[in-house]
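Biologist: I'd like to go through this structure with you. Can we start with the pockets and then move to the salt bridges?

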Amino acid sequence: AIAMLREHLAGGRLRRTASDAPEKLSLGRLDVPRDDYGNRPALLRRVMEYYHETFMRETAASEYLARRGLADAEAVRTFRIGFAARSLGFRLPTSTTKKSPLRGALAEVGILRADSGHEHLAGSLVIPIVDECGVVKGMYGRKLRDDLRAGTPKHLYLPGPHEGVWNPQTFTASRDIILCEALLDALTFWCAGHRN
């Protein structure tokens, strides 16, 4: 809502003073060509781009990484780390119904929950899982808050088959591979200089 108000202010439709001039904001509608609605990798790539843009503008996820000792700008850029700030629904094309074709496509790939329409990874730091060519195959989400309702998982993946890896560059960069239980464990090694 704040981002939308800033955009509204930037358009000059509301009076503003120099002290409350909005910062640069480019988060517009989620632009997905209709031909890509059935293309899982294209949908996941576009959502991941949106989540990465959100990470770059919101502080909650970067503060979470800092608390874990993982505030590394190179890692954020390299792995396109994102944040699902519960704002994706506001960025979808307007529709009089929650049954729009894009919403349906996003539900089919697991980004939105089919029953509620909410973001599956809402409130999570999001890390893409890719194949050896960099095609997004899935996403991992880690809830930022620890005071969740009973039964709410802290670690989430998109529903469906788990394909891809987190750091495919390792396969060509080193003979040794450090295998970790979780993506954030692997990111900890990476940020400490162990890029394999």
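Biologist: What volume does the largest pocket have?
Modeller: Keep in mind that this is a predicted model. The largest pocket has a volume of about 540 Å³.

Biologist: How many residues line the largest pocket?
Modeller: It is lined by 30 residues. Val 165, Trp 166, Asn 167, Leu 179 and Leu 183 lie nearest its centre. Two or more lining residues come from each of β3 (136-143), α6 (170-173) and α7 (183-191).

Biologist: Which element gives the most to that lining?
Modeller: That is α7, with four residues.

Biologist: And how do the lining residues of the largest pocket divide?
Modeller: Into 18 nonpolar, seven polar and five charged.

Biologist: What about the second largest pocket, how much space lies in it?
Modeller: About 410 Å³. Its lining has 19 residues. They divide into eight nonpolar, four polar and seven charged.

Biologist: New topic. How many salt bridges does the count come to?
Modeller: Six. One of them joins Glu 74 and Arg 195, with the closest N and O atoms 3.5 Å apart. This pair links distant parts of the chain, 121 residues apart. Glu 74 is in helix α4 (residues 73-79), and Arg 195 is in the segment after α7.

Biologist: Where do Glu 49 and Arg 46 lie?
Modeller: Both are in helix α2 (residues 40-57), three residues apart.

Biologist: Is Arg 46 buried or exposed?
Modeller: Buried, because its relative accessibility is 14% and buried means under 20%. Glu 49 is partly exposed, at 30%.

Note on methods. Residues numbered from 1 in each chain as written. Predicted model: local features only at pLDDT ≥ 70, side-chain atom pairs only at ≥ 80, totals over all residues. Heavy atoms only, no water. 1 Å grid on protein atoms, 1.4 Å probe; cavity = no way out; pocket = protein on both sides within 12 Å on 5 of 7 lines; lining within 4 Å. Points joined across faces, edges and corners; volume = space filled by probe spheres on them. Nonpolar A, V, L, I, M, F, W, Y, C, P; charged D, E, K, R; others polar. Salt bridge = Lys/Arg side-chain N within 4 Å of Asp/Glu carboxyl O. Buried < 20%, exposed > 50% of the residue type's maximum accessible area, 1.4 Å probe, protein only.
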